[in-house]
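Visitor: I'm new to reading protein models. Could you walk me through one?

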Amino acid sequence: MIHLTRRALRTMKNSSALLSLILFAAAPQASAADGKLVIEAGKIVTLTGEVIEDGKIVIVDGRITAVGKDVDAPWDADVLDASDLVAYPGFVEAITSGGMDRSNENVDIAPFLDVRDSIDPVNVTFENYLRSGITTINVQQGSGCVIGARGHIVKPFGRTVEEMSVKPRAGMVLSASPKRGKSRATQAQALRGAFTGLKRYLEDTVAAAKAGDDYAKREAMYQGREPDEETMKGRDLDCSAWKVEGMKLVPRWEIDEKQAPLVSLVEGKIPAFIYCGGAMDVRVAIEIAESNGFLHKTTLVVSGDCDRAASWIAERGIPVIITGSLTRSEINEETDEMEDVFIPKAYADAGVRFALRSANSTTQSLAYQAARCVSHGMSREDAMRAISVTPAEILGVAKRVGTLTAGMDGNVVLYSADPFSVDGVVQRVVIEGEAVYDRATDSRVRHLEEGIAPDNTEQVDPRAREYAGDGEGDDGDAGEED
Amino acid sequence: MRKLSIRAPFVISALLASAWSPVTAAPSGDAVVIRAGEVIVRPGEVMKDVDVLVIDGVIRRVAAEIEAPEGARELSGAVVCAGFLDPWSVLGINATDVSFTSVTPSTRTADAIDPFGQEFQKKQALEAGVTAVRVQASHRALVSGLSSVMSLAPNGDEGLIASDETALGASIGLTDPSSGGSSFAMGADGSFTLVESGPTPMDPFERISQVDKIVGLLEAGVAYRVSQNAYAVDLKEWEEAIAEKVKELEKDFKKAKKDRDKEIEEAKEKGKEFKEERYKEDKAPKAPKYDADKEVFARVANGELPLVVEVHRTAELRNLLEATAKFNRLRMVIAGGTEAAPFAKQLAARNISVIVNPSPMGEGAFDEFDGHDVSLAATLAEEEVTVLIGSGGRSAGASRDLSLLAALAIGGGLEREHALAAITSGPAKVFGLTSHGAVEFGKQADLLILDGQPLSTTTSVQAVLVDGRVVVEPKK
């Protein structure tokens, strides 16, 4: 059905000059006829350990049907000639609060809200994601919360959130580090209070339902009729940490919309992303998740010196998403000397699975962050996994994205060279079988590289502008979260 | 925290075993044997030339010539005593939480503990023999929330918190360090001079009103508990009445059914609509709304949780003692008590302990302790007030000097035994830490090996064990 809609829209695009004006810069460059596309790539890196020289990727109806050197392609498929390019699976952004009209809510506990109502499809963030080969994005509320709104996994292409949608209601953010106006202790108090409040609410609801049923029975007896048949309307609470007896009496749709998302959380039905700003937050985050039965669905979103708690995290077997700076300095107590810690390596050494995040003061590229891992002595495989397979697993979409294999979504990024090298740039991007980006026609890139401004804009040579600082010390990371 | 109840069967079997033969077949686990010239079981109770056997973090035996189990580590020293417990500290608390004041009674200091912070201060305190601290964040708030007891050498995250809700903290009349400041004063010639003023002490009336506020909160806690109990009673009555009613209804059901059938028939004959008879019963009582903060004060007023009030001046002390006299279950502890000496008899009679901070004078001393007399601890102890010694709950580094503070109190006339009790068995008893504070069977093995008598300035700590693990290695 989504497919049909998209085709209908495509027809509209082609016929309407007016509509084409509102398309964003990276408009579709080629359309797969009847949803069939063959990418003929100079090299295919599947990220399953296989590298195919001069191979083909066949995508039918948005899904990859075959990858290999000698695979049959439908005779009527469109062909994307990428013989001088390297194909990678589209990269996965494990978490971001970019692309929304604002990243945080004032309310402490807001899981009854949904980020889909805040995602702005024409936000330039999505265009930049496309430009840097990121095709799956987990949009969540920022860290300024106690429990945030429900998140949404999207792809960076489409004019409505529905078109962009990969997975709705994709978990929620919790924060163990204090939001504005709170201390560590009061933040933890609010966090814990949300769950004790939930338990109390459920118990009260059950008690009310039971009282109502009992009353109905007595009324029937008094009036001389048989009591109404008891119907099992609800089901037991499936929480491994605590129980509420009698949940069968309460149909799920009767649960308050402010509490219902928390029920999904304690039942382990949706992932939890817990922000930890420093190592001390890890203890609280783990305790909250453990005592409410969702530790196995928890990913810690770590920054600062959280890696000092890496062994605690490893013990629980939960993954992390590394945000903020990838390095930090600490004083070695024995030598009294300043030492640099490369954070991803600290996690890897402790045996913690980690995903990287694109946000950086100079680029919005996951490949760049992964390349830094390689430059600090980590293996290419580990670095690549941190921006593809691991985030896909964390988001619960590992069966759809992260590698180039049959059955996966047709998300392919075509690089001019090794993505970890300086001259490896994203030339083409294919999302679900549609070629949605071509660097050759990217007006912003042309503006930057050749000084040619997009149509209908003032011609300004960017190189002629006055130098206004290189952004160093501006703390580019902090801007996004807070 | 280890539970004593688990060990109970052990007591019997160990006693039986020791009656027959010296313990030879020791249980497996990490074992340590300390050969001591002297073991201070608890202040005032000394055993000469004995050994201490520790297995799995617990003291299993204190006796002469214990045979070391296979693989056990053997240590020796002149004196062995229990690790020091600072009953009034902020060591290991995130700095922001220490000064933060927008907290409620149910805010837990346990949540402000930074297991990775202040490593240097923790190490120094540990080397000075302090093995655990009672920490209270937000000490400047009228009600500071729930304090915890934290181990200074936990094994990972296990054993970090020995007690997460140890006491409720409160404070009266503390000077706000950010008060005061600078202003311009106009001189006779029309020129302006900058006048700097230090923090201003709290207005006396405000200090007294703080006492009233705490009493008000205690009363609200009592009322909350009363309403809960009343609800339980009402609910039981209602349930019994309803059960009675159900019996009746069951008995009358056949008749009711017959009547109903008849009425339906009649209604049909008359062409009228049948109406069910209206059922009436007493409404169920309504449960009081849960309130976490009132619940804390209910526990405090009922003596389930001690209330530690930091208070220094005579006026507030007198008012506080008078106003709280009616709460006969309240377990109050005074922290600071700079001018508490005149109230010693009353404090002893009401079993109110005092955590004294024998603060050194001079640079860095805390305002509230101005006028502190080093003989305060001795004066109170003479009147049989339980005296504890703490580092003042303001600076993380202060816990290191706990034994020196105790020595200072000894200099002020406090008996040595009292001083040692004030930082070992005393805090353990007042704050209900049943497995701390003594060197005897069943206690957690937080032990110090010293080269002389504790609290002497010439004695140094040779080695420290926490939970049976050697965390400060023997010197030499």
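Guide: Let's look at how two chains meet, and then at one residue. This is a predicted model, where local features need pLDDT of at least 70, side-chain atom pairs count only at pLDDT 80 or more, and totals for chains, interfaces and linings use all residues. Residues are numbered from 1 along each chain as its sequence is written, chains are lettered from A and ligands numbered from 1 in the order in which they are written, and side-chain values use heavy atoms, with hydrogens and water left out.

Visitor: What is the area buried between chain B and chain A?

Guide: The size of an interface is often given as the accessible area lost when the parts come together. Buried area is that loss, found with a 1.4 Å probe and summed over both parts. Here that's about 3,200 Å², with 57% from carbon and sulfur atoms. In chain B, B:Asp111, B:Phe116 and B:Tyr279 lose the most area to chain A, together 24% of what that side buries.

Visitor: How many salt bridges are there between chain B and chain A?

Guide: A salt bridge puts a side-chain nitrogen of Lys or Arg within 4 Å of a carboxyl oxygen of Asp or Glu. The count is five between chain B and chain A. A:Arg192 and B:Asp111 make a salt bridge at 2.7 Å, N to O.

Visitor: Which residue is ten places from B:Ala185 in sequence and 6.6 Å away in space?

Guide: That's B:Val195, going C-alpha to C-alpha.

Methods:
Buried area is the accessible area (1.4 Å probe) that two parts lose on being put together, summed over both.
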